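Work through the exercises below with the model open. Each task is followed by its solution, step by step.

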Amino acid sequence: MSMTITEKILAKSAGLKEVKPGQLIDAKIDVVMCHDVTTPAAISMLTEKGIDKVFDAEKIIVTPDHFQPAKDIASAELHKRLDTWVKRHKIKNYYKIGKAGVCHALLPEQGHIRPGDCIIGGDSHTCTYGAFAAFSTGIGSTDLAAAIATGKLWFKVPPSIKFVLNGKLTKGVFSKDVILAVIGRIGVDGALYKAMEFVGPALADMSMEARMTMTNMAIEAGAKNGIIGFDKITQKYLDEHLKDKKPYTVFESDKDAKYESVYEFDCSKMEPMVAMPHLPSNAVPIGDCAGKAMDQAYIGSCTNGRIEDLRIAAKVLKNKQVAIRTIVVPVTPAVWKQAKDEGLFDIFYDAGCVISAPTCGACLGGFMGILAAGEKCVSTTNRNFVGRMGHPKSEVYLASPATAAASAIEGKLTDPRKYI
Amino acid sequence: MAKAYVYKRDHINTDEIIPARYLNTDNEQELAKHCMEDLDKDFVKKVKPGDIIVAGEDFGCGSSREHAVWAIRGAKVQTVIAKSFARIFYRNAINCGFYIIESADASEKIADGDQIEIDYKKGVIKNVTGKKEIKFNPLPDFAVEIINNGGLLEHIKKAGA
């Protein structure tokens, strides 16, 4: 039977020859990602139920990131619970402060993501890792507890939707613009319970960083997972990042695999996009919203806080001054150091930006750049729900790092192409 | 009998159900104090034990935070009836042993403040005020089994975890 890449990985993980959409399976989990918001609750549940164990101390990757460094006493307590548990179970891969970074950037960077793996994490943006030809999905604390204790989890095999990205992106248009255009077309539940598989020639010009921006936002269309097949670009990234050189399995969709639907996009005609409040699907071309006054620009997050994103922002901001509060959040310590070494911090400093330690920070309204009532923020993050970055009457406009940086200079939504 | 709080909107998300500024705790009673705060700041003042939330498509979209289910359960809400649920919220509810109901027409046939009775086994919502019966498909057997076992962890414990 022909299968998609998602179906093949799930079949392998369930120890089955084949699986079909709708089928319930028990899958073996290869990697469990844990952070400071959802994991402490999972730990408490396991302790209360008397099953305080971990299925494999090497396959659980832990980093505090949401409220890190601790923003208040309550979050310090969460970190303490996480820390105590990690030590009790001698969990090997623990990235604490100094090494801690935003989980979805940190795990690939530190070589924990391998093609063909079945990965879960206590965070909705765990779908990011699908950029590496892996099955990866976000779950809540109870699922996380079950996976930590047993290394297994139930799944319903999702039907797949194919997104064919034709053409070539033009100057000033990035993978963030592509994914906003995709979500704009299908809606925030356009892929509800489904797999979003990205294919097509436009991927050939996208780095792994750029691809992760797209799979990261699969959840914003309601998807279970986002996935991109393996190619030379994947291989190069893995060669540079995997510490464990044991072979991995590359799965690819069969030519006659079944898709619930297929969408085609011409990337060469795409423009910089902005998702207007309060849904990621409210995406419009910059031409339709340019000129709207902003109070803050935020460049960071698991969507767009990687080195490539900071380079793009720096290119726009070089020898310019920002007109509004601009917060730059390098996503991991390694990205932070690289940005510093490349001189990007000087550019940000000279332009009048503030540079933060790696954290999820204000992306989810945690800290480090919270909005007051009525304020508007152009942000490279992934969600613009009501109250997402602060006051329920504040507004978030999602865009690429280039658009956010250009808008920071002018203090209003701005087409980045004139600065690139 | 339970009172229905009807929010006709689609895509009521986890940031509205429990804003991230309260995620520095996983204490259900603390979370319950802020249930639905950014959607309806008076919700927790109005809601009585056993009451029901009724909504449109894609309820609970956004974050994986199970805190959203805990906040609702902590506010002693009996169940949420929606046209559809976001994937992670749906899983989280089942895993917590919290029965939720998918119904295509409940948000049309129930008005805010209506008195409601639910027969979970038969899959019938009785709108006592509106004198209407709304059928729904009960959750799949495996989900009911998890709920009856008291949630996923009790369920896997029984299976010998």
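**Exercise 1. Describe the salt bridge between B:Arg73 and B:Glu28.**

Step 1. The two side chains meet in a salt bridge, 2.9 Å from N to O. The term requires a side-chain nitrogen of Lys or Arg within 4 Å of a carboxyl oxygen of Asp or Glu.

Step 2. B:Arg73 is in helix α4 of chain B, and B:Glu28 is in helix α2 (residues 28-32) of chain B. They are 45 residues apart, so the pair links distant parts of the chain. Helices (H or I, at least four residues) and strands (E, at least two) are DSSP runs, numbered from the N terminus.

Step 3. B:Arg73 has 29% relative accessibility and counts as partly exposed. B:Glu28, at 22%, is partly exposed too. Buried means under 20% relative accessible area, exposed over 50%, and partly exposed in between (1.4 Å probe, protein chains only).

A note on the source: this is a predicted model, where local features need pLDDT of at least 70 and side-chain atom pairs count only at pLDDT 80 or more, while totals for chains, interfaces and linings use all residues. Residues are numbered from 1 along each chain as its sequence is written, chains are lettered from A and ligands numbered from 1 in the order in which they are written, and side-chain values use heavy atoms, with hydrogens and water left out.

**Exercise 2. Characterise the contact of chain B with chain A.**

Step 1. Count residues. Chain B gives 39 and chain A gives 52. Contact means heavy atoms within 4.5 Å.

Step 2. Take the area. The two chains bury about 3,600 Å² between them, 60% of it on carbon and sulfur atoms. Buried area is the accessible area (1.4 Å probe) that two parts lose on being put together, summed over both.

Step 3. Find the main contributors. B:Arg87, B:Arg91 and B:Leu153 supply 21% of the area that chain B buries against chain A, more than any other three residues.

Step 4. Look for charge pairs. The interface has 4 salt bridges. One of them joins B:Asp26 and A:Arg81 at 2.6 Å, N to O.

Step 5. On the side of chain B that touches chain A, α5(B) has the largest share, with 6 residues.

**Exercise 3. Classify the aromatic pair of A:Tyr193 and B:Tyr90.**

Step 1. Start with the total: 16 aromatic pairs over all chains. Rings of Phe, Tyr and Trp (its six-membered ring) pair if their centres lie within 6.5 Å; planes under 30 degrees apart count as stacked, over 60 as edge-to-face and the rest as tilted.

Step 2. Apply the rule. The centres are 6.1 Å apart and the planes stand at 70 degrees, so A:Tyr193 and B:Tyr90 are edge-to-face.

Step 3. A:Tyr193 is partly exposed at 26%, whereas B:Tyr90 is buried at 16%.

Step 4. A:Tyr193, B:Phe59, B:Phe85, B:Phe89 and B:Tyr90 form one aromatic cluster.
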